Amino acid sequence: LLNQSPFNKGIFDMLEKAGIQFIKATPEEYIREYASNPATLLVAEYKYVTSFRMANGMHTAAFREKTYESVGLTNSDTTKSLPYCSPVASSPSSTSTSTLLPPGPMPRITILNRDGSRRLMDAAEISFALKERLNLPEAPPVKYTEWATFSQQVELFATSDILISPHGAQTAGLIFLPKCASLIEVFPFGYGIPFYFGSLSHVAGYNYSHVYAGKTNLTEDYKIHSATYEDRLRIRSQKVCVSVDSVVEAVADQIQNWRQCCGLS
C-alpha cells in the first residue's frame, strides 16, 4: 500500500485504529521478521501459490464489521441496505423463466469498471444482457471508484452480493463484500493471474470465478503474451471486450452459489 489513494489511506486508518504497527521491509526482511515474531504482524502476504493471508490470524469478518461501523454502516442504520443474504426487491421478471437459472430470489449485482487501462468496454451491454437473460428486477449498475472516498467504496462493496470487475486494484476492497458474496474477475487477452484476487476471495470466505477475454487457454496465452515484464505492461494496458455470454453464464453460476450459501435455493 505505497500510494495514498483514498482507499489505501482508509485501510491504513482502519489498521491504525486496530493498533497495528506498520513496517517497511523488503520481502527478505519481512520473511525474517515474520518467522521471528508472527503474532505482531497483520499483512496481506502475496505468494505465487498461497497468496493472501493475515499473519496474526485476525478474522476478516471482524475487520469488516469494524470498518462498517467506522464509516457509518452499522447494522442498526443499514437494515435496508446491508442485510446479509437479503434478496433484492421482487418483481414480475424475477420469477419468470430463464434458460440459465430457475426462478428464485436474486442477489445485488454490481459491475465495478475501470476508467483507464483494462476498462470493460462492453459493461453496459453486459448489464442489459444480465437483466434480460437472467430476468433480474433491474439492470446491474456500472460503478467506478477512481474518485470515490473510502466510505463510498466500502459501501459499494458492502451492498454487492456479486461483483463483476476487470482485474485491477479497484477490487482490493472485496474484503468488505457481505456474507456469501462472489467476485467475478475479467481478464484481458494474454493476461491473467486468477490466483491473486482469487486467493484473497477464498481467504475472506467468498466465491470466486473469472472470465477470460481470449478464445483459447488463459494459462497458455499468458505464457506466450506476458513472458517479459515489458510484455505484461503492454498487455495489461489494453481495454477489455469479453464474451457477454461468458459473463452471463458466470453470474448465473454465482447466483446459484449465493442462493445455496444463504439457504435460499
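Predicted model: local features only at pLDDT ≥ 70, side-chain atom pairs only at ≥ 80, totals over all residues.

## The sheet

Two strands count as paired here if DSSP finds at least two bridges between them.

Strand 4 and strand 5 run together in the parallel sense over six bridges.

In soluble globular proteins, nonpolar side chains tend to be buried together. Here the largest nonpolar core has 29 residues, and F150, L174 and F176 are the members that touch the most others. At least two residues of this core come from each of helix 1 (6-17), helix 3 (60-70), helix 5 (150-158), strand 4 (182-187), helix 6 (194-203) and strand 5 (207-212). Helix 5 gives the most, with five residues.

Another core, of 25 residues, lies apart from this one; among its members are L101, A123, L136 and A252.

## The surroundings of F176

Which residues is F176 in contact with, leaving aside its neighbours within four places in sequence? The list includes F7, I11, F63, T67 and Y68. It also takes in F150, V154, F157 and A158, along with R64 and Y206. Both F150 and F176 are buried.

## Aromatic pairs

How many aromatic pairs does a search of the whole structure find? The search finds five. In one of them, the rings of F150 and F176 have their centres 6.2 Å apart and their planes at 85°, so this pair is edge-to-face. F150 belongs to helix 5 and F176 to the loop between strand 3 and strand 4, so the pair ties together parts that are 26 residues apart in sequence. Ring pairs also bring in F7, linking F7, F150 and F176 into a cluster.

Y196 and F197 give another edge-to-face pair, because their ring centres are 5.1 Å apart and their planes lie at 75°. Is each of these two residues buried, exposed or partly exposed? Y196 is partly exposed, with a relative accessible area of 26%, whereas F197 counts as buried at 6% relative accessibility.

## Cysteines

A disulfide is a covalent bond between the sulfur atoms of two cysteines. The count for this model comes to one disulfide. C180 and C261 form it, with their sulfur atoms 2.0 Å apart. The torsion about the S-S bond of C180 and C261 is about -70°, so the disulfide is left-handed.

What does this bond tie together? C180 lies in the loop between strand 3 and strand 4, and C261 lies in helix 9 (residues 244-262), so the pair joins parts that are 81 residues apart in sequence. C180 is buried, with a relative accessible area of 3%, while C261 counts as partly exposed at 42% relative accessibility. As for C241, this cysteine counts as exposed because its relative accessibility is 53%, and the cut-off for exposed is over 50%.

Methods:
Residues numbered from 1 in each chain as written. Heavy atoms only, no water. Core = buried A, V, L, I, M, F, W, Y, C linked by side-chain atoms within 4.5 Å. Buried < 20%, exposed > 50% of the residue type's maximum accessible area, 1.4 Å probe, protein only. Helix = DSSP H or I, 4+ residues; strand = E, 2+ residues; numbered from the N terminus. Contact = heavy atoms within 4.5 Å. Phe/Tyr/Trp six-rings, centres within 6.5 Å; stacked < 30°, edge-to-face > 60°. Disulfide = S-S within 2.5 Å.
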